[in-house]
Amino acid sequence: MTTTPTQPTAPTPTPRAPQPLPAEENAPINYLNETRGIWSWMTTLDHKRIGVMYLVGVIVSFFLGGVMAILLRTELFSAGPGVAKLIGDALGHDKWQDTYNQMFTLHGALMVFLFIIPGIPAAFGNFVLPIMLGAKDVAFPRLNLFSFYLWCGGAVFFIAAIALGGLDTGWTFYTPYSTDPASSTFGGVIPAVFGAFLLGFSSILTGVNFIASIHMLRPKVMGWFKMPLMLWALYSTAIIQILATPVLGITLLLLIAERAGDIGVFDPSKGGDPILYQHFFWFYSHPAVYIMILPAMGVVSEVISAMSRKHIFGYSFIAMSSLAIALLGFLVWGHHMFTSGQSDTLNAIFSFITFFIAVPSAIKVFNWLATMYKGAILLKSPMFYAMSFIWVFSIGGLTGLPLAAISTDIHLHDTYFVVAHFHYVMVGGTVFAFLAALHYWWPKMFGKHYDEKPSLVAWFFIFMGFNVTFFVQFIMGAHGMPRRYADWSVEAWKASQIGKGLDTSFIESKVQLFEVCHKISTIGSYGMLIGFLILSYVLVRSLMAGKPASRNPWGANTLEWHCSSPPPHENFATQPQPNDPYNYSGWTYEPTLEGYKACEPKEPEH
Amino acid sequence: MSQADADHQHHDEHVAHHFESAGQQVSSGKLGMWVFLATEILMFGGLFVLYAVYRHNNPETFEYGHLLLETKWGAINTLVLIASSFTMAWGVRTAQLNKRKATSVLLTLTLLGGLGFMCIKYIEYSGKFSHGTGPGKFFDVVAYEKYYNKHQADHAHDHDAKGEAHDEPAEPAPVLHGTTRAAAIAPAVNFHSDIADPAAGPAGLVKLDPPKPKGFHIPWVHDKPTPAQVVQSRNFVDIYFAMTGLHGIHVLVGMGLIGWILSRNMRGHFSSKNYMAVDLVGLYWHLVDLIWIFLFPLLYLIHT
């Protein structure tokens with residue numbers, strides 16, 4: 001492979017790996033400091049700067065969504081009114097339960113639309129995609145900046161929604177809650193829905209950009225099956241983004257028209273069909289689950305292989321399973337609607353395909369494990385997060401099976417079991433992969449090392465806190481604790497529709513169980529909070545006073561490790577020659593660099 | 001940027017710094033545009049699915065509702081858009097052949113086509129709003145009843161003036177006085193007729209016969225539907241406005257884009273080596289045209 005001719009446009013043949021001289025490891029001019037001032041960032045067309053701006057944006061959104069999460073768990077720590085009542089009184093709400101509804105709506109909407117969906121593809125994808133291709137930028141740099149501003153616009157509308165009175169429809173904006181001003185009296189519905197529309201368009205344009213970049217900017221020597229798996233993951237994600245998101249876009253526009261202009265489309269009191277809304281919504285939002293998880297899987301494929309110092313196992317299976325997930329993901333939306341009254345035939349078909357989609361996910365998990373098997377595993381923070389991903393994603397995936405089976409789903413529907421399941425998949429999966437990516441690419445993005453030991457303490461708190469928070473929710477969900485309830489006291493049960501006709505002693509025995517579970521869950525969430533505080537401290541300290549990072553701290557071989565840290569404006573001083581991204585024989589550890597350098601005598605490649 | 005320029009002296013001035021050749025740039029632009037057009041089709045796809053579901057569930061809604069539309073205007077608009085698509089395609093060709101003046105003329109004609117389309121749309125929309133058959137809040141059966149009675153009277157008067165014999169007097173409108181807007185809106189359409197009893201019917205509404213089949217005859221000017229039929233066509237009106245409204249927004253965006261490339265063309269930005277922007281705007285304009293070609297029969301040419 002090394003004998004392949006160089007690019008015709010490259011002026012001179014270039015060596016495969018960079019020069020090993022330490023003096024050249026860090027170019028003084030890089031993308032961070034080549035121009036200065038806020039304006040140079042706001043008008044930048046550099047994919048790396050846009051990626052960093054996305055990163056800042058999604059972390060701020062994650063922080064806001066996290067504050068909501070902590071408030072929710074605090075409210076649920078004890079029965080009866082708690083912190084939601086304090087906030088509700090301050091905001092002048094009639095009922096503290098409304099405040100609670102607003103809190104979980106905002107938690108879900110912020111986390112899903114502003115953090116999880118753009119988190120990995122827009123922030124890290126933007127940063128690494130062109131570099132992994134050996135390109136200077138994405139195919140359409142202006143469009144890239146435009147989609148970042150669309151994201152900002154969406155974020156502004158969400159903030160406006162909070163300022164205009166919030167919303168309590170749930171992040172799904174189900175009709176008729178969202179279309180009937182009488183049932184959702186808060187003024188934030190229209191701005192939030194429009195914000196989600198803008199965020200959708202931002203996501204579509206990013207997808208268009210990534211597809212064009214991967215098709216057109218890939219060097220000729222990098223065939224489809226020589227791409228890093230992260231690119232396969234981003235490509236599959238982009239397919240979903242462009243095929244599913246437009247349908248959400250038109251649905252949200254109709255919803256706005258219905259609420260603002262009385263158009264009769266989804267609201268039954270206007271002749272509309274609310275089930276049709278659910279179909280439209282989940283036609284997007286189920287594939288969107290794979291927009292969240294596929295890039296995460298791409299990150300994990302990179303990290304596991306690099307940190308195991310071993311070629312990825314089953315490359316083409318991992319690549320093809322990404323595409324399979326992207327395509328099958330379009331055929332399972334109806335499993336969100338098993339109890340909506342759709343026909344049993346539909347239920348059976350959707351249930352069957354849902355089981356089927358577990359196969360490609362399992363293929364990936366087995367391939368990651370096989371990659372680690374007999375590898376020389378480097379136990380650093382990115383690897384801890386990547387292994388946590390496999391653990392929580394497996395639990396999340398396996399608990400999806402009882403939800404995919406219609407009979408058990410009827411029992412578990414709308415309980416904490418569902419809440420725990422999708423937090424294991426979405427938070428457990430995506431957030432752990434996001435953190436793996438953050439730690440893995442941090443030295444590349446900012447050219448600084450972080451302290452490994454406090455970072456591992458942060459990992460411990462986040463991982464343990466996460467499992468403590470959500471594992472007990474499986475138990476209480478299976479025992480019948482419904483989701484989205486503000487209160488779980490005996491009195492609340494007796495007053496509710498579910499509690500009618502039930503024996504008091506039965507309710508009391510259930511509430512005893514729920515009390516234990518809720519308390520454990522809330523304590524776990526505080527553990528996560530501590531972990532994230534330590535994490536922020538570690539990363540901020542790294543930015544302020546971190547040791548300079550070398551070109552390749554992990555000894556990985558995808559192209560982003562061939563340019564300096566942080567990369568220069570056009571990524572590469574000389575056009576790199578891509579080779580097998582998972583062959584690590586070209587790099588040896590150099591203690592003075594705290595990283596790897598290219599081997600002087602090149603080993604023959606396999 | 002100066003650094004980038006210095007690095008790439010060999011580059012054509014039209015090629016952005018991150019592309020290796022003009023060919024790569026053009027291919028990227030075209031691929032990006034086609035992928036974007038796919039997303040546009042999916043966006044309209046949502047509306048087409050909505051249309052299909054509602055038409056299947058409530059055929060009468062569509063049969064009465066389409067009588068409100070003037071097939072004449074829709075047909076003229078179809079011709080206008082097809083003609084503008086033709087001038088657009090021709091304009092791309094002249095841009096390719098370096099004929100700058102011809103390109104400007106053709107792009108202007110295309111722009112005029114878009115303008116003509118929007119003018120006709122304005123005529124249609126304003127008629128709907130003033131007759132009480134606007135979308136959502138602007139749907140007002142009482143206003144439509146007034147319009148209907150006046151129309152019937154004028155119609156009869158025309159016949160009298162021409163001295164033609166008409167065997168029966170103009171059909172009086174069914175009495176709808178006292179039908180509040182809420183009643184006219186709410187239960188007009190009975191969606192899940194297997195759940196509710198359709199025979200009971202919404203209170204205060206006239207029970208209607210199904211429209212008579214019209215065969216293969218395409219009426220250029222429909223008979224006006226009766227107010228009672230209009231009550232039942234509310235969802236059609238909403239869907240009509242949703243579909244044509246979104247399409248109209250796309251026409252406006254397309255006109256903006258054509259105006260932009262027209263001004264660039266007049267400033268001499270394009271040549272046979274560099275006409276990608278004209279090409280891509282052309283693709284977009286053809287999509288806008290294509291969507292209308294589906295909207296016209298689906299909305300205007302409905303037959304029983």
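I take two strands as paired if DSSP finds at least two bridges between them. Helices (H or I, at least four residues) and strands (E, at least two) are DSSP runs, numbered from the N terminus.

**Ground rules.** The model is predicted: local features need pLDDT of at least 70, side-chain atom pairs count only at pLDDT 80 or more, and totals for chains, interfaces and linings use all residues. Residues are numbered from 1 along each chain as its sequence is written, and chains are lettered from A and ligands numbered from 1 in the order in which they are written.

**Hairpin, chain A.** I looked up strands S1 (residues 587-590) and S2 (residues 595-598) of chain A; they run antiparallel and are joined by four bridges. A:Tyr589 faces A:Tyr596 of S2(A). Four residues lie between the strands of this hairpin, and A:Glu594 has a positive phi near 50°.

**Helix H10(A).** I checked the length of H10 (residues 344-372) of chain A. I count a residue as buried if 20 or more other C-beta atoms, placed from the backbone, lie within 10 Å of its own. Among the buried residues of H10(A) are A:Phe350, A:Ile357, A:Pro360, A:Lys364 and A:Trp368. Contact here means C-beta atoms, placed from the backbone, within 7 Å. The buried residues of H10(A) pack against helices including H8 (274-307), H9 (315-328) and H11 (381-398) of chain A. Just after H10(A), A:Lys374 takes a positive phi of about 65°.

**Helix H14(A).** H14 (residues 416-446) of chain A bends by about 40° at A:Tyr440, and A:Pro443 follows within four residues. The bend is the angle between axes fitted to the seven residues ending at a residue and the seven starting there. I find H14(A) largely enclosed by the rest of the structure, because 29 of its 31 residues are buried.

**Contact of chains A and B.** I find 35 residues from chain A and 33 residues from chain B in the contact. On the chain B side, the elements that give two or more residues are H1 (2-7), H2 (22-57) and H9 (234-266) of chain B. H2(B) gives the most, with 16 residues.

Notes. Two residues are in contact if their C-beta atoms, placed from the backbone, lie within 7 Å. A residue is buried if 20 or more other C-beta atoms lie within 10 Å of its own, exposed if 12 or fewer, and partly exposed in between; C-beta atoms are placed from the backbone.
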